[in-house]
Amino acid sequence: MEKRVSKIIITVGLIVGMMSFLFVVTDAAISYSDNPEFCINCHSMDEAYMTYQHSTHKQFKCTDCHAPHSYLAKVAFKTKSGLRDLYVTTLGEIPPVIKATDKSKEIIKENCIRCHLSTVENTEMGEGRFCSDCHRQLPHKKVEKNI
């Protein structure tokens, strides 16, 4: 009986330890990949990064606008997006103009509203309307390139 209890305790301890390790590793990867310096690792993000650096939103991380804020939703979203980006980049199928998916547009809209609620509470932000319908180049406004 004592051996069985010991095995159960060891098994539970191993499971808790592995889950804790996975959480720490996942959290570290999520935190690291939140930074704009991570996003700029792909050449396809050069223009987005440059225009972001000249925007009024440059004090924020890319994921403050482009990812859900709920931890589990953020992990799921970043995993799916990261795998898609890796696939596209690896196969060289990067489109000439990068456009947000419908899901990304919804997330960006939710984040705009979250930060700018007092500004948008008296506007018509109905179904199917996005902040970018009126604010087309924010925060990635085109800037002159010095060549």
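Author: The UniProt annotation "domain: NapC/NirT cytochrome c N-terminal", from an unreviewed entry, covers residues 7–97. UniProt positions follow the numbering used here, feature names are shortened, and annotations may be inferred rather than shown by experiment. The model is predicted: local features need pLDDT of at least 70, side-chain atom pairs count only at pLDDT 80 or more, and totals for chains, interfaces and linings use all residues. Residues are numbered from 1 along each chain as its sequence is written, and side-chain values use heavy atoms, with hydrogens and water left out.

Reader: What makes up the span of residues 7–97?

Author: The span is 71% helix and 0% strand, and its end C-alpha atoms lie 57 Å apart. Helices (H or I, at least four residues) and strands (E, at least two) are DSSP runs, numbered from the N terminus. For the chain, the secondary structure comes to seven helices and zero strands.

Reader: How does the radius of gyration of the chain compare with that of a compact globule of 147 residues?

Author: The chain has 21 Å, whereas a compact globule of that length would have a value near 15 Å. The radius is taken over C-alpha atoms, and the globule rule is 2.2 Å times the number of residues to the power 0.38. Along its principal axes, the C-alpha trace spans about 75 × 40 × 25 Å.

Reader: Why is the pair of tyrosine 32 and phenylalanine 38 called edge-to-face?

Author: The structure holds three aromatic pairs. In this one the ring centres are 5.4 Å apart and the planes stand at 75°, so the pair is edge-to-face. Rings of Phe, Tyr and Trp (its six-membered ring) pair if their centres lie within 6.5 Å; planes under 30 degrees apart count as stacked, over 60 as edge-to-face and the rest as tilted.

Reader: What makes the pair of tyrosine 49 and tyrosine 52 tilted?

Author: Their planes are 40° apart, with 6.1 Å from centre to centre. Tyrosine 49 and tyrosine 52 are separated by about one helical turn because they are three residues apart in helix α3.

Reader: Why is histidine 57 called buried?

Author: Histidine 57 has a relative accessible area of 19% and is therefore buried. Histidine 57 is placed in the loop between α3 and α4 (62–66). Not counting residues up to four places away in sequence, histidine 57 touches Tyr52, His116 and Pro139, where contact means heavy atoms within 4.5 Å.

Reader: How do you know that lysine 105 and lysine 109 lie over the face of phenylalanine 130?

Author: Lysine 105 is at 5.9 Å from the ring centre, and lysine 109 is at 5.8 Å. A charge sits over a ring if NZ of Lys or CZ of Arg is within 6 Å of the ring centre and within 35 degrees of the ring normal.

Conventions
Buried means under 20% relative accessible area, exposed over 50%, partly exposed in between (1.4 Å probe, protein chains only).
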